[in-house]
Amino acid sequence: MKNKFLYSLLLLSTCLSFTLLFTACGDDDDDNNTNPVTDGCTLPTGYLKWTVDGGQLCSNASLFGDYTILMTINGISQSGVTMTLELDSVSPGTYQMTENINHLLFTDQLGMAWESTNDNPGTLVITSNNTSTNLIQGTFNITVRNPLGVSKNITNGNFKISYTE
């Protein structure tokens, strides 16, 4: 009887330990999307995040930046969503995003392409571009359109990316 009691106590103690462990590792009240270390969106090359249709998305599967004639930033999410920025403007400042300059291409989970347009320019803000370390950082907000003429807003876009030349 004493062994059954000790066994039950040990089992209860183990269950409580696991419960505390998983509770301690769970979500807390902080907004993890504002912390690039804990939001699940930061890769070794940096991060690219945005909001579309009320949902926060990020490039958490692949992310690269390349600067040759223009800056190309491309990210892929684990759900298959892609975001490509082709930036003509890389110095700190505020710029328009259109079909012809600072172009944005977004593909959704269904493979539908959405892109920036000339008739409804978005806003790109390059907050920093360290050419010594090849690290560019900025924000963007834009309305994109698909080939069927449907529009959607991409907001709260932000990136911090190490790029190659």
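Visitor: Where does C41 lie?
Guide: In this predicted model, C41 is in the loop that runs between α1 (2–24) and β1 (46–52).

Visitor: Is C41 buried or exposed there?
Guide: C41 counts as buried, because its relative accessibility is 5% and the cut-off for buried is under 20%.

Visitor: And what does C41 touch?
Guide: Leaving out residues up to four places away in sequence, C41 touches G46, Y47, K49, C58, S59 and N60. There is also L57, 16 residues apart from C41 along the chain, with 8.5 Å between the two C-alpha atoms.

Visitor: You mentioned K49. Which ring does its charged end sit over?
Guide: That of Y47, with the charged end of K49 4.7 Å from the ring's centre. Likewise, K152 has its charged end over the ring of W114, 4.3 Å from the centre.

Visitor: New topic: how many aromatic pairs does the structure hold?
Guide: Three. One of them joins W50 and F106 edge-to-face, at 6.2 Å centre to centre and with 80° between the planes. W50 belongs to strand β1 and F106 to strand β7 (residues 103–107), so this pair ties together parts 56 residues apart in sequence.

Visitor: Are those two buried or exposed?
Guide: W50 is buried at 2% relative accessibility, and F106 is buried with a relative accessible area of 2%.

Visitor: What about Y67 and Y163?
Guide: They form an edge-to-face pair too, 6.1 Å centre to centre with 80° between the planes. Y67 is in strand β3 (residues 62–67) and Y163 in the segment after β11 (151–162), so the pair links parts 96 residues apart in sequence. Y67 is partly exposed at 25% relative accessibility, while Y163 is buried at 5%.

Technical notes: Residues numbered from 1 in each chain as written. Predicted model: local features only at pLDDT ≥ 70, side-chain atom pairs only at ≥ 80, totals over all residues. Heavy atoms only, no water. Helix = DSSP H or I, 4+ residues; strand = E, 2+ residues; numbered from the N terminus. Buried < 20%, exposed > 50% of the residue type's maximum accessible area, 1.4 Å probe, protein only. Contact = heavy atoms within 4.5 Å. Phe/Tyr/Trp six-rings, centres within 6.5 Å; stacked < 30°, edge-to-face > 60°. Lys NZ or Arg CZ within 6 Å of the ring centre and 35° of its normal.
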